[in-house]
Amino acid sequence: MKELTLGDIRKQHRVKQEVVAMALSVTASGVSKLESKRIQDVSLQRAAAYLAAVGGSLTIEVTLPDGGTLDFA
């Protein structure tokens, strides 16, 4: 099964690279380089900014050894 990429998400939501580039203050070429990486190889900060640019968000849930959880949005 093919891994989902940031580019796949952008295309599914019909957002142009130029829109993402403006939101991230990078060039379209910079967006292309970011989209060529696996999602897990992109920093959390950059992934969150990218997802916000296409109308989404990134939420992280941490499970602690005692079973408690922490949520980060």
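**Figure 1. Overall fold of the predicted model**. The chain contains four helices and two strands. Read from the N terminus, these elements follow the order α-α-α-α-β-β. The C-alpha trace extends over about 45 × 30 × 20 Å along its principal axes.

Figure 2. Of the 73 residues in the chain, 27% are buried. Among contacts in the chain with a separation of 6 or more, 40% join residues 24 or more positions apart.

**Figure 3. Charged side chains.** The chain carries 9 positive and 8 negative side chains. A distance of 13 Å separates the centres of the two sets.

Figure 4. Phe-72 is classed as partly exposed because its relative accessibility is 44%, a value between the 20% limit for buried residues and the 50% limit for exposed ones.

**Figure 5. Surroundings of Phe-72.** When neighbours within four places in sequence are set aside, the residues in contact with Phe-72 are Leu-58, Thr-59, Ile-60 and Val-62. The C-alpha atoms of Phe-72 and Glu-61 lie 6.3 Å apart in space, while the two residues are 11 residues apart in sequence.

Note on methods:
Residues numbered from 1 in each chain as written. Predicted model: local features only at pLDDT ≥ 70, side-chain atom pairs only at ≥ 80, totals over all residues. Heavy atoms only, no water. Buried < 20%, exposed > 50% of the residue type's maximum accessible area, 1.4 Å probe, protein only. Contact = heavy atoms within 4.5 Å. Lys, Arg positive; Asp, Glu negative; His and termini not counted. Charge placed at Lys NZ, Arg CZ, Asp CG, Glu CD.
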